[in-house]
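Dear colleague,

I am handing over the structure below, and my notes on it follow directly after. Please read them alongside the coordinates.

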Amino acid sequence: MTTTTTAIAASMRDGYKDYGMGDMAVRALDGITVDIARSEFTAIMGPSGSGKSTLLHTLAGLDRLTHGESSIGDTVITSLSEAQVTEVRRNNIGFVFQSFNLIPSLTGSENITLPLDIAGTPVDKEWFDNIIGILGLGDRLTHLPAELSGGQQQRVAVARALVSRPEIIFADEPSGNLDSTSGAELLGFMRRAVKEYKQTIVMVTHDPTAASYADRILFLEDGQIVDEMREPTADKVLERMKQMGH
Amino acid sequence: MLRLAFKSVRHNPKRLILTAIAVALGVSLVAATHIFTNSLSSGFGALFEDIYDSVDVVVEADPDSDIEFEPTEGAFTDANVEDIGAVEGVSEVGPGIGVENLFVLNAAGDAPLNMGGAPTLIYNWTGVPEIDRSTIVDGRAVEAPGEVLVDIDTFANGDFALGDTVAVAAEEGVSGYELVGTITFGENNELQTANLMYLEESDLRELGGGIEGWQTIEVVTEETADNEAVAEEIGGLLPDGTRALTAEDKAAEQTEAFDEVLQYVDIFAISFAIISLFVGAYIIVNTFRIIVTQRTREFGLLRAIGATGKQIRSVILLEGLIVGLVASAIGIVTGWLLALLIVTIVETFSGELFGSVTLPADALLWGFGVGILVTMISALLPAIHASTISPMEALRESATQSKKSLTLRNIVGGAMTLIGVLLLAIGLFADVERAYVWVGAGAIVLVLGVTLLAAQVLVPIAYGMRGFLTSVFGVDGKLAANNIHREPRRSANTAAALMIGVMLLALVATFTESLKSTFTEQFQGNEAELFVVGTSGAVPQGAIDVIDDTDGVATTARFGFGDVTIDGQTQQLGAIDAEAAEGLLAFPTEPGIADIGAGAFIAPSLQEAGYEVGDTLTVRGDGGTVDLEVTGLFLTEGDAHLFVDWDTADGITSDVFLAQVIIDFEGRADVDDTRAAVEENLAEEFPLVMVQSPGELEQFFNSFIDLLLGVISALLGSALVIAILGVANTQLLSVTERTREIGLLRAVGLRRRSVWRMITVESMVMALFGTILGMILGVSLGSALVLSLEDFGFTGVTIPWLWLLLYTVLAALAGILAAIWPAWRASRLDILKAIATE
């Protein structure tokens, strides 16, 4: 939960990210300035190597910018220490990765409440049941991740991201490893979370169908935002991607 | 976080099993030692309580007083006994004398009943049950001089019958008594194997060499009396240098004194347990390091969703704590079983010595203490490493660790090796106080340094053997060499664990083999036919006369020791019949021993004090002060600081302890016959004087040294077992880690047998390298130790080749054994599942 009142959930100003040194240096982000609106489902698209994952990681405080500034809500995280960034992640951010989202030794429900356990905050039982209901996880809670299907694992991951009602959820190709039915289901849930609970979600994907669930799409190429699209459909996105030589 | 730690231990217990066994093994040694000594202590405690149960106050010479009473000089007179009898509350007074330095002989009367075993205790029979503490089983009490009672176990062991003559021998002289009855001590005759006898008072006074007065007075009080008050009142009536205390206090004091001795047993056994745990620490470090690597993505994910590095560290440490707790508990239980087993075995040979085998608090405390401490400390480095895993690691596709350079490890390892060698050299060869501290610290630093360096040295060598392994084992050998090369730290730590155990074994073997060859060399210069020693005391002069009078004996030469004072310091004086001894034994002297004349030969310690040949030594003894010229040097440091001719010694001190006599036969005499004659002549009056040929003596020494080596090897055995477990453990974990790779190899056609062989070769190479490195270190350290002790007579280093060969063969076998479980797992992998594994 957060007390920020601005309409911006996350932002970046003049973000640069270089990997390697000297001749080997690769510029992954090349002067990015972007605002992520609250309660919106934003997708980041672009060809491989365009810097879309790097943008997500630096926005989320998983990785540091070489140069520039990024914020979560009102908090400028680029000037914070590692411990402080960890605290911001813990209190304000949820994550859904493409794979390996869950701790293998913990059951479904333990994985879901893990962020709260780490922070030492009590579980809001009503909210928890609510999420479980929406995601249809009621009968899978006592299972270990190895006993869940890929779609179920990703739904547990989404539940985990939602449970602490973070300022913003970052999802990195959440449906990338799923078949199209499970993928559509998962993206439907995420969209519902945005619409019904005003949850802010930023998702990286290279799949036009997945991106069409978003309110807004940012197109990245060579570390720069080259375009954006509102009210997307899969066909429009595919068309735009073709122009980028994808 | 606690839950996460618990869950992940439970989720995958297999990877922690061998680690737990390693810890449990070490802990079981610690616990077994404590349980064993506790049981021994309670056994003797019960004995002491039994002894003092029936009396209430004990009056005796005060052990803390400066006044010392000779064994024949009783501290109390009849007047004292009467005074005590008049004290209010006293109902019985039992004045007593006892003789405890003699030996009861076997039925044939030619040797002690208990060779080198428990003592013979002889007391005066009073007829008062509370004082005697024994009750008559068969026959009757001692009524007149010349009669004896023995306890029922001695009666059975000696195969005596009532009416027999029971012989008691001093170093000089044998006395015979008619057996008139048997007794049982207390209720069950729990004498802890000692022989108990009762004589009539006047016989005992004579047997003890003319005992005057009473040595102890035991008092029974009236039931209503306050024992403390009675003891205090009696205390006021006593002569100087004596005391009165309650029987309870006396028993407690005895138990305490016994416990103090047992502490050394504890320290000795626990140092070996700690070596085992030190080796175990290597395994724990390896296990946790591998676990952390395997769980990199898990920790990365935790970091991403907000866990701090500190929380990750706590998870690992908590897991360490859980493993330590469980393993320690298992170790304590197995330790208890081990102690029970040892107690049972010992008691079948020795009779009842022990109290009940309980689980004392110190066993629990030590067991859990060392078990948890070792696990936690070993888990600390991997835990710190885990806490530095960045959240980005969660996003990597596979859990491969970036290769860290070995440079830092090499620099630290090299520096530690050098410092270790330096400390060792200072301790061994420089003249420092408490050299063992330097040696010990040096050895530990050296071992750690070599462990660190091993990653750089060992692994490339193993990799260099790739060609050889390939030619012998084909592609399996090549893959094995690659695998060892892949994780140099892990391979080095695994080999190093084995290295430590083997190093200690090789060190002890080098030391003992050198000791043996030193003895052998000494005996080679020997011309004497027989050596004569006493059983527990000095050889009596009378025995030498008997030997001299035996047909075929040409010469006898005596060796003895006594205390003298030089420059205000007490020094040990060695006395030799120099002229007779010359040529019989090779003495390390300069010039020959016969040149000693009326002067003295000095050992290295006095040479270092500044004395030289030609100087004058002022030696003071109870016979007067004598100026001796230093006429030569004794080249090795032994039992004495200076040596003089026997006649010279007689003029200085009256108190020379005759330790040994060497006998030379006449040239024409038959060796066996003459020896038999000597033994026969001695048996009559001197049954306690032992005769040994040089061969027997050498064998005795050698078997003693072998026993020492055997005991130490057995105690190091657990360290070696742990090290082998470490090899198995590392292999098992890396098989898990390489599941996908092994699946791929199988998919492209590698047969099960080949997988098995690949893992066995890996394990054998690690075991052999650890062993060889350990042997090099052990032999070097052992040689350095022997060289540093040259002053004490070591003639040179003997390298125990046979042992080294044995260790190598055993290491190869151990490597094969250690590979069984991991190889079995690897060869059973389902190919499809293995490839699908992340």
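Helices (H or I, at least four residues) and strands (E, at least two) are taken here as DSSP runs, numbered from the N terminus. In those terms, chain A holds eight helices and 10 strands. Please note that this is a predicted model, in which local features need pLDDT of at least 70 and side-chain atom pairs count only at pLDDT 80 or more, while totals for chains, interfaces and linings use all residues. Residues are numbered from 1 along each chain as its sequence is written, and chains are lettered from A and ligands numbered from 1 in the order in which they are written.

As to overall dimensions, the C-alpha trace of chain A spans about 50 × 40 × 35 Å along its principal axes. The radius of gyration of chain A (taken over C-alpha atoms) is 18 Å, which agrees with the value near 18 Å for a compact globule of 246 residues, the globule rule being 2.2 Å times the number of residues to the power 0.38. Of these 246 residues, 47% count as buried, that is, with 20 or more other C-beta atoms, placed from the backbone, within 10 Å of their own.

Turning to the sheets, two strands are said to pair if DSSP finds at least two bridges between them. One open sheet of chain A has four strands in the order β2-β1-β4-β5, with antiparallel pairing, and its edge strands, β2 (26-37) and β5 (75-76), each pair on one side only. Within this sheet, β4 (residues 67-72) and β5(A) are joined by two bridges, and I72(A) stands opposite T75(A).

The other open sheet to mention has six strands, ordered β6-β7-β8-β3-β9-β10 in chain A, and its pairing is mixed. Because β6 (93-96) and β10 (224-230) each have a single partner strand, one side of each is left without a neighbour in the sheet. Strands β3 (residues 41-45) and β9 (residues 216-221) of chain A pair in the parallel sense over four bridges, with T42(A) opposite R216(A).

Finally, the interface: 18 residues of chain A are in contact with 18 residues of chain B, a contact meaning that the C-beta atoms, placed from the backbone, lie within 7 Å. On the chain A side, the elements giving two or more residues are α2 (82-92) and α3 (108-119). The residues of that side divide into 12 nonpolar, three polar and three charged, where Ala, Val, Leu, Ile, Met, Phe, Trp, Tyr, Cys and Pro count as nonpolar, Asp, Glu, Lys and Arg as charged, and the others, Gly among them, as polar.

Definitions and conventions
Contact = placed C-beta atoms within 7 Å. Buried ≥ 20, exposed ≤ 12 C-beta atoms within 10 Å, placed from the backbone.
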